[in-house]
Amino acid sequence: MRLQVTLALLLGASTAFGDSRATAFVSAYSDDDNLTVVSPELSLRQELSDRVDVDAAYEADIISAASVDVMTAASPHGYSEVRHGLSAGATWKPEREITFALRYMPSWETDYSSHALSLRTAYEWLERRLEERLDARVSFDRVGRAGEPESQWHDLHLVSLGPSLSYVLDRWTVANLSYEVQAQSGFQQSAYRFVPIRWSGTTTVSVPEEHPRWRVRHAFALGVRRALSRHWFLSGGYRLYRDSWGVTSHTADAGIQHATERERVIVGFDARGYYQGEADFYEERYARAPGTFPTFRSRDKMLSESWSVLAGLRGEIGLGPLGFAEDVRVAVRSDVYDQHFLTFEPLEGRRAFIFQLGASAEY
Amino acid sequence: MMRAALLLVLALLGGCAPVHAWQRGTLASRCMSPDSRPSESRARTHMLGAREGSSGASGEVGGGCGCK
């Protein structure tokens, strides 16, 4: 009875404010390198007026790992841990064509904490045919080792700026153009990893990983979405990435979707291909004169030369009014992710299966 | 000046024919909006960001290293 009264009060309050939306979502990742991550998420959005929305979300990553990286680091039996993340934001539209969105996102786990703040401004012009966006983000992170006092953790800061354009080419086609520059400063290596250095034919020493303290990333992306008819839709895109550590990557993606009348059912298939070159200071095997070390050294497979393919099917169904909700939608998605490391000796590659299930209700 | 150059490029790309509100029914489809599935997009970007050496220009926000 008390629950019913509380629900009625909450729903009454939300009706007084305007539309609301609640979303529950879970994603599960499992690969053949003994890594499993289950990520539930719960988010709520409330319209306060015609011009103001607020939203909040909670997410977690429940991680169980015994991968090659972990087995070669401090923990020989793998580990389990949970990352918690919160998000609170507000969106304000002072005019029909102008949007400001501010968001605060803290997250924490046993060896990492983060406080991120993002601001988005968007302006539509040319009779709402062109939208300009500017995304800015700062993040203050702390990195350490599990069980270590936080006073011994290291700082990692990030600043990013991303202008983008979305343009309606014709009544069937929308194109997106975006650029982002990120600058990261601070502790960027793993607090756990050691790098083997071969000094002579028989002597090998292991020293802590060392990465440059600064990293500046540039990413440029182009995307196109086109409706072939009222029921069939195509999408495609390309992204070029380059950073100050010498990593260059190319990403291409394409997808097709089919929607039934009133979008009651939507099904789709999409695929993504990715290639990256290795960082300037990364070597698969480090060999140096006895008693010397490379200034920067890494055992991070994310800095090695690699390529990957991601392909997935998704389906979405609108259930219409259900209980107190005006509209309920359920979506399911399943992907295969195949990643190959060309210059990382301990692991040639990994294959992962990803499953996602989500439900959203508007009331 | 910048906006004039931008307008010129866009005009060359898509022409100047107006797309009226009543012609935008298809453009309003969930299939035409990259923002219509925020949880799905965020989870995918987070997963890829923790496994590949590059990030950016895909709309991701938020901190936390996740698991590699």
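A hairpin of two residues links β5(A) to β6(A) in this predicted model. These strands, β5 (residues 98–109) and β6 (residues 112–125) of chain A, are antiparallel and share twelve bridges. Chain A as a whole contains two helices and 19 strands. Chain B meets chain A in a contact formed by 34 residues of chain B and 68 residues of chain A.

**Hairpins of chain A**

- Tyr112(A) has Val143(A) of β7(A) opposite to it.
- The hairpin of β6(A) and β7(A) has four residues between its strands, and Leu126(A) in this hairpin adopts a positive phi near 55°.
- Strands of a sheet are held in pairs by backbone hydrogen bonds, in a parallel or an antiparallel arrangement.

**An open sheet in chain A**

- Three strands of chain A form an open sheet in the order β11-β10-β16, and their pairing is mixed.
- The edges of this sheet are β11 (204–208) and β16 (286–287) of chain A, each of which pairs on one side only.
- Strand β10 (residues 194–198) of chain A pairs with β16(A) in the parallel sense, through two bridges.
- Arg198(A) has Ala287(A) in β16(A) as its bridge partner.

**Overall form of chain A**

- Along the principal axes, the C-alpha atoms of chain A occupy a box of roughly 75 × 55 × 35 Å.
- Of the 363 residues in chain A, 29% are buried.
- Among contacts in chain A with a separation of 6 or more, 53% join residues 24 or more positions apart.

- The most is given by α2(B), which contributes four residues to the side of chain B that touches chain A.
- Sorted by class, the side of chain B that touches chain A consists of 14 nonpolar, 14 polar and six charged residues.

**Helix α2 of chain B**

- The twelve residues of α2(B) should span 16 Å at 1.5 Å a residue, and the end C-alpha atoms are 16 Å apart, so the two values agree.
- The buried residues in α2(B) include Ala43(B), Met47(B) and Leu48(B), as well as the charged residues Arg42(B) and Arg44(B).
- Where do the buried residues of α2(B) pack? They lie against β1 (20–31), β2 and β19 of chain A.
- An α-helix has 3.6 residues a turn, so residues three or four places apart point the same way.

**Nonpolar cores**

- The largest nonpolar core comprises twelve residues, including Leu35(A), Val37(A), Ile63(A) and Ala65(A) of chain A and Ala43(B), Met47(B) and Leu48(B) of chain B.
- Two or more residues of this core come from each of β2 (35–47), β3 (52–65) and β19 (349–362) of chain A, and from α2 of chain B.
- The largest share of this core is that of α2(B), with three residues.
- Tyr337(A), one of the core residues, touches Ser308(A), Leu310(A), Ala352(A) and Ile354(A), when residues up to four places away in sequence are not counted.
- Another core lies apart from this one and has eight residues, among them Val174(A), Ala227(A), Ala259(A) and Cys31(B).

- Val174(A) is found in strand β9 (residues 173–186) of chain A.
- Is Val174(A) buried or exposed? Val174(A) is buried, because 22 other C-beta atoms lie within 10 Å and the cut-off for a buried residue is 20 or more.
- Beyond its neighbours within four places in sequence, Val174(A) is in contact with residues of chain A, including Tyr167(A), Leu169(A) and Arg225(A), and with Leu27(B) and Met32(B) of chain B.
- Val174(A) and Arg329(A) are separated by 155 residues in sequence and by 25 Å in space, C-alpha to C-alpha.

**Confidence of the prediction**

- For the complex, the predictor reports an ipTM of 0.87 and a pTM of 0.88.
- Chain B has a mean pLDDT of 71, and 57% of its residues reach 70 or more.
- Where pLDDT is low, the predicted coordinates should not be read in detail.

Conventions: Residues numbered from 1 in each chain as written. Chains lettered and ligands numbered in written order. Predicted model: local features only at pLDDT ≥ 70, side-chain atom pairs only at ≥ 80, totals over all residues. Contact = placed C-beta atoms within 7 Å. Pairing = 2+ DSSP bridges. Core = buried A, V, L, I, M, F, W, Y, C linked by C-beta atoms within 7 Å. Expected span 1.5 Å × (residues − 1). pLDDT = per-residue confidence, 0-100.
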